[in-house]
Amino acid sequence: MGDKSVGVLRHSMRSYKAKSVTSIQLQPRERRETALGEAGHNVFNLAAEDVFIDLLTDSGTGAMSDEQWADVVRGDEAYAGSRSFERFHETVADVMGFDRVVPTHQGRGAENVLFGALLDDGDVVLNNTHFDTTRAHVTNQGATAVDCPAETDLTTDSVGTFAGNFSTDRGWDAVEEYGRDAVSAVVLTITNNSAAGQPVSMENIRETAAFATEIDATFVIDACRFAENAQFIKQRDPEYADTPLSEIAREQLRSADAITMSGKKDALANIGGFTAVRDAALFEQCKQRAILYEGFPTYGGLAGRDLEAMATGLREAVEPPYVAERIEQVATLGDLLRDRDIPIVTPTGGHAVYMDAAALFPDIPAEQFPGQRLVCELYREGGVRTVELGSFAFPGTDRPELVRLALPRRTYWREHLEHIAETAARVRDRRDEYTGLKIVWEPPMDELRHFSAELEPVA
């Protein structure tokens, strides 16, 4: 009898191999402590060479494929009408279903282009949960950003199947408070980054689209992790269990009037983004705004090689083996942390594990930023850089004290995950030693203060 397992890929085995590597080094503890102090206890201010495992973001930090690197050579660098733009345009139309597309240098460029064309002073924008740059761009246009997340307690052990959903009940509450005419846009972020990377169901996408139509608001989807969200729908919604992933990915966006996209996430590129719209008049407005802020509408602040890499990445992102492995690796990190009694949001999301800093540090009050203290100690103990997404990153909100461990795509291996978990366990063992933090300097725009503010320990 032959071995029936021959030719069957173990689910936990990667379907790619390393072709190029970068050396990383765990700096001595003394060096890490000095670097943390010089950075003002803000890991955004650290030099990358002082970081061992970098989980600050999954945005533009992943490994591109050999086909994408080949695109770097193939790129057409014409200022206007390049063949690289044509290929990119065709890919967005095919994979995402939008024929009118404006490239930008990254996702926040797409937000600037779209919201600058769409919003006026006094408008209101509803979102399942605004992320930092999204909220900042809404506010920068003189509009008000209102979160309408599903009724989910992200500090519990299990938050449910589609905890990233938009709450239409909260949406109607906002309409009643601000007035129907004031709500100009309804945004759905898939997956919901600020809600622990939790997915949004297909049913909720349709329900939110219908809500936006009823109040005559533009329905926008932040699609930067559209492939990961599609994989969750395939896994968790029996209706889509046998539907090809690429069809689910496209179906999610069918009801949207516009999308914004960071190509640095599910387009698997190191730079790039775009906005795409249905309406011809809005498209012209976006193109003119792009000329002002990004570049000519067929390059949008990017080189032709970047457009090529992003086009290839969009197709690779909806390949089933890649997405399944992506989701599984995040879940594996979550399992390793839970095995060491580290409180995390479960089930894990698509791009990151979210640690519950308030549960880990119950004696540090929210006004002393327990999440930021956890970020600092993960770096001090093991050179692991993460990011706080609680009261430090989102002042004036009641968001839970979460710390995000965002895994770059196709970058780290099992041994790296085990180091992260062991580092967290050492922090857990020393938690009684830590005090909170206080801000000693912050920028004028507090919606983005966590990028550059400086802190020091509370005496």
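User: In which sense, left-handed or right-handed, does H3 pass H11?

Analyst: H3 passes H11 in a left-handed crossing, a label given when the near helix is turned anticlockwise from the far one by less than a right angle, right-handed being the clockwise case. The model is predicted, with local features needing pLDDT of at least 70 and side-chain atom pairs counting only at pLDDT 80 or more, while totals for chains, interfaces and linings use all residues. Residues are numbered from 1 along each chain as its sequence is written, and side-chain values use heavy atoms, leaving out hydrogens and water.

User: Why are H3 and H11 called roughly parallel?

Analyst: Helix H3 (residues 83-96) and helix H11 (residues 304-317) pack at about 20°, and their axes are 8 Å apart. Helices here are DSSP runs of H or I with at least four residues, and strands are runs of E with at least two, both numbered from the N terminus. Axes are lines fitted to C-alpha atoms, for helices over the stretch in contact, and angles between N-to-C directions run from 0 to 180 degrees. Angles under 35 degrees count as roughly parallel, over 145 as roughly antiparallel, 65 to 115 as roughly perpendicular and the rest as oblique; H3 and H11 are therefore roughly parallel to each other.

User: Which residues of H3 and H11 meet, and how does their contact divide by class?

Analyst: Contact means heavy atoms within 4.5 Å, and the residues of H3 that meet H11 include Phe-85, Phe-88, Val-92 and Met-96, with Leu-307, Met-310, Ala-311 and Leu-314 among their counterparts in H11. The contact has 9 nonpolar, 4 polar and 5 charged residues, where Ala, Val, Leu, Ile, Met, Phe, Trp, Tyr, Cys and Pro count as nonpolar, Asp, Glu, Lys and Arg as charged, and the others, Gly among them, as polar.

User: What makes H4 oblique to H10?

Analyst: The axes of helix H4 (residues 107-118) and helix H10 (residues 280-293) come within 9 Å and cross at roughly 125°, and that angle makes H4 oblique to H10. The crossing itself is right-handed. Its contact is made by residues including Val-113, Leu-114 and Leu-118 of H4 and Leu-282, Cys-286 and Tyr-293 of H10, and the contact residues divide into 8 nonpolar, 3 polar and 1 charged.

User: How do you know that H14 is roughly perpendicular to H15?

Analyst: Helix H14 (residues 370-382) and helix H15 (residues 414-429) have axes that come within 9 Å and cross at roughly 115°, which makes H14 roughly perpendicular to H15. H14 passes H15 in a right-handed crossing. Among the residues making the contact are Leu-374, Glu-377 and Glu-381 of H14, together with His-419, Arg-426 and Val-427 of H15; by class there are 4 nonpolar, 3 polar and 3 charged residues.

User: What makes S3 and S4 a pair, and which unit do they make with H5?

Analyst: Two strands pair if DSSP finds at least two bridges between them, and strand S3 (residues 124-127) and strand S4 (residues 144-147) have 4 bridges in the parallel sense. One of the residues involved, Val-125, has Ala-145 in S4 as its bridge partner. With helix H5 (residues 132-140), S3 and S4 make a right-handed β-α-β unit; right-handed here means that, with the strands pointing away from the viewer, the path from the first strand over the helix to the second runs clockwise.

User: Why are S2 and S4 called edge strands?

Analyst: The open sheet of 7 strands has the order S2-S8-S7-S6-S5-S3-S4, with mixed pairing. Strand S2 (100-104) and S4 each pair on one side only, as edge strands. From one strand to the next, the twist averages 20°.

User: Which helices pack across this sheet, and at what angles?

Analyst: H5 lies across S3, S4 and S6, running at about 140° to S4. Helix H7 (residues 202-214) touches S3, S5 and S6, and its direction makes about 175° with that of S5.

User: How do you know that S11 and S12 pair?

Analyst: S11 and strand S12 (residues 402-406) share 2 bridges in the antiparallel sense, which meets the requirement for pairing. Glu-388 has Val-403 in S12 as its bridge partner. These strands belong to an open antiparallel sheet of 3 strands, ordered S9-S12-S11, and helix H12 (residues 320-339) lies across S9 and S12, at about 25° to S9.
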